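Here are my notes after going through the model you sent over.

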Amino acid sequence: MTVRRRIAPSAAVWIFLGVLYFILPLIGTLIFSLHSIDTGKCCTLAAYGYIFHQSAFWHTIRLSFELALETIAISLVLFVPTVYLVHLKFRKLRPVLAFMALIPFVVPPIVLVVGLLDVYRGTPSWYYDHPFGFLGTAYVILAFPYMFFALDAGFRAIDVHTLTEASQNLGASWLTTLVKVILPNIRTAALAGSFLTLATVMGEFTIANLAQFQTFPIFLDLINETQPYGAAALTLISFGITWAAMLSLLFIGRKRGGGGRLIAGAR
Amino acid sequence: MAYLELQKLERDFGTVKALDGIEISLGEGEFLSLLGPSGCGKTTALRLVAGFDRPDGGRIVVDGRDVTNISPNKRDMGMVFQAYSLFPNMTARQNIEFGLRIRRQEKAGRTKRVDDLLELVGLGHAGDRYPHQLSGGMQQRVALARALAIEPRVLLLDEPLSALDAKVRVQLREEIRRIQLELGITTLYVTHDQEEALAISDHVAVMYGGKIEQMGSPADMYSSPATPFVAEFVGTMNRLEGVVVDGAAGHVEHAGIRLNVDAARGRQHQERVLVLVRPEALELAAENGGGANQLAGEVISQTFLGPVTRLKVSSGAATLIADMSAARAQALPVGARVSATVPAADARLLTLEGVAQAAVEEL
């Protein structure tokens, strides 16, 4: 028999207020975006049409999305084995890594980008002038805390030592152990880190602006200065696209059985 | 001929000597339990055999081949861990199949082997369940099947029952022994539970301080402990410190009372000894004014243990322990004055010559 859980009235009020807090600005933005660009009257989809007909929109949204995927891929390749080894063999290095991961939080992006531009000046043009080179590197640094702390929590939730030893005892190599045993059991953590990275890269403005790359937030800023209704429409579009991207990541990550519920089994 | 040999195995952790030159020789198909308290080095020895750790000295030989420096994934050892070690992302079937997949065994053969093993451990119905859907006992059965799937040269079990409740523990240990005998697999079993070790092993090695104190059959270990530590650790033992006063007649003086102990015959005059008597061998009766081999005392507690009732008796410097049926124990309530008769034939004797007094008291 299904037991229905009743929500306490006070909890319902708080949930309602919370929903309002998130929904009201979106509704406001939606109404504003439905005003005509020419007459300023409601309600028309002209602002959306205007945005979709901008080639820069498609170019920048694609660039930002590809940059986000690149950042996620590099971060996972770099940090999953690192955090795994730290948990398995170099436990004393964990606080050092955690401290390093805090640096991108502490150092303001403006300082970070000035420093990075200076450090990487003199590198080959195909790297320094290319978004997938310099900007990708900067975004990996920016995403470091999100990815590290998400993965760290994932590794803490499983018995890394026992799972590794059990796998090796059955004949698996280090790589097989990492791919077949460890990765599937930290998938939820890796997904969480990936979501945060995606959201960060899709909305990053300062570094892209100072490094003079035309990413999606730069386009959003440009539209905001020239087309207020278009900017509102663009905000909602980007909101929808980011959520769609996150959901697709979630779908890809959850496709196979097992997953997060299994952490309890590992003890 | 020995199948598994641990030759002068040493392992240090900083200043702590975890293993101090242990030597073990085990025949093919035999079951050896490494028994000892926490920190005695038994798990370290097992991990060295599995290849998870490297010794500082000595060799590990399996079937005539030195495997000391071979990595764990190439040793062909099946291991069951203390903690539940099943891969959480895989079903019971996939867990068991894992080692076979690594060995690239063809699918039909894999499926049959997994089915057979699931039946062997009594989990034919639970192959598609994930670890979190299995009880602790079921998880350890799957872990056992997984270890056996690769047809290991040696089966290693690291306190596999310690996380289970008492009833399941007894059931599973009997199953482990049944399966081990059925498959004839050489097995090294680590436990701190002496009852478990005595119940299922061909041989028991009692470890203490990184050394093997005694190795032998469970019966030998129980009836003829070779050191005071083994006497204390394997089962419960009454220990009466004394001095041989007549080696020819087999007389030992304990707390001013002369005891006749067969095992004392031929001992040197004035030799310091420990007279050992199992609780079930100590005869208790209402005090009758003293007699040969009797120690007077007072019952200070009674503990019902199921098959027997355990009485503690305060007798001078020593506290004696005696087991008897509940019906007999009723006649000797707490506070009753009793006489404890030390059986001349069943009492064992250990020399304390060369053993420091502090070490004796520590036990």
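Predicted model: local features only at pLDDT ≥ 70, side-chain atom pairs only at ≥ 80, totals over all residues.

1. Let's start with H7(A), residues 131-156. The helix has 26 residues, and its first and last C-alpha atoms are 35 Å apart, close to the 38 Å expected at 1.5 Å a residue. Where does H7(A) kink? The kink is at Ala143(A), shortly before the proline Pro145(A), and comes to about 45°.

2. H7(A) also packs on H10(A), residues 187-203. Their axes come within 8 Å and cross at roughly 155°, which makes H7(A) roughly antiparallel to H10(A). As for handedness, the crossing is right-handed.

3. Who makes that contact? On the H7(A) side, the list includes Tyr139(A), Leu142(A), Ala143(A), Tyr146(A), Met147(A) and Ala150(A). By class, the contact of H7(A) with H10(A) has 13 nonpolar, 5 polar and no charged residues.

4. Next up is H3(A), which runs over residues 55-88. With 34 residues, H3(A) reaches 49 Å from its first C-alpha to its last, close to the 50 Å expected at 1.5 Å a residue. H3(A) does bend, by about 25° at Leu76(A).

5. What angle do H3(A) and H8(A), residues 160-169, pack at? About 100°, with their axes 9 Å apart, and that makes H3(A) roughly perpendicular to H8(A). The residues in contact are Tyr84(A), His87(A) and Leu88(A) of H3(A), with Val160(A), His161(A) and Thr164(A) of H8(A). They split into 3 nonpolar, 3 polar and no charged.

6. H3(A) has another partner in H12(A): their axes come within 8 Å and cross at roughly 145°. Here Ala56(A), Phe57(A), Thr60(A), Ile61(A) and Ser64(A) of H3(A) meet Phe216(A), Ile218(A) and Phe219(A) of H12(A). The contact of H3(A) with H12(A) counts 6 nonpolar, 2 polar and no charged residues.

7. Now for the backbone. Most residues other than glycine have a negative phi, and most peptide bonds are trans. A cis peptide bond joins Cys42(A) and Cys43(A), with omega at about 0°; Cys43(A) sits in the loop between H1 (9-33) and H2 (46-52) of chain A. Then there's Gln212(A), which isn't a glycine but has a positive phi of about 60°. Gln212(A) belongs to the loop between H11 (206-210) and H12 (216-226) of chain A.

8. Last, the contact between the chains. How many residues does each chain bring? Chain B brings 23 residues and chain A brings 23 residues. On the chain B side, the elements that give two or more residues are strand S6 (77-80) and helix H2 (92-102) of chain B. H2(B) gives the most, with 3 residues. By class, the side of chain B that touches chain A has 17 nonpolar, 5 polar and 1 charged.

Terms used:
Residues numbered from 1 in each chain as written. Chains lettered and ligands numbered in written order. Contact = placed C-beta atoms within 7 Å. Helix = DSSP H or I, 4+ residues; strand = E, 2+ residues; numbered from the N terminus. Nonpolar A, V, L, I, M, F, W, Y, C, P; charged D, E, K, R; others polar. Axes fitted to C-alpha atoms, helices over the stretch in contact; angles between N-to-C directions. Parallel < 35°, antiparallel > 145°, perpendicular 65-115°, else oblique. Left-handed = near helix turned anticlockwise from the far one by under 90°. Expected span 1.5 Å × (residues − 1). Bend = angle between axes of the 7 residues up to and from the residue.
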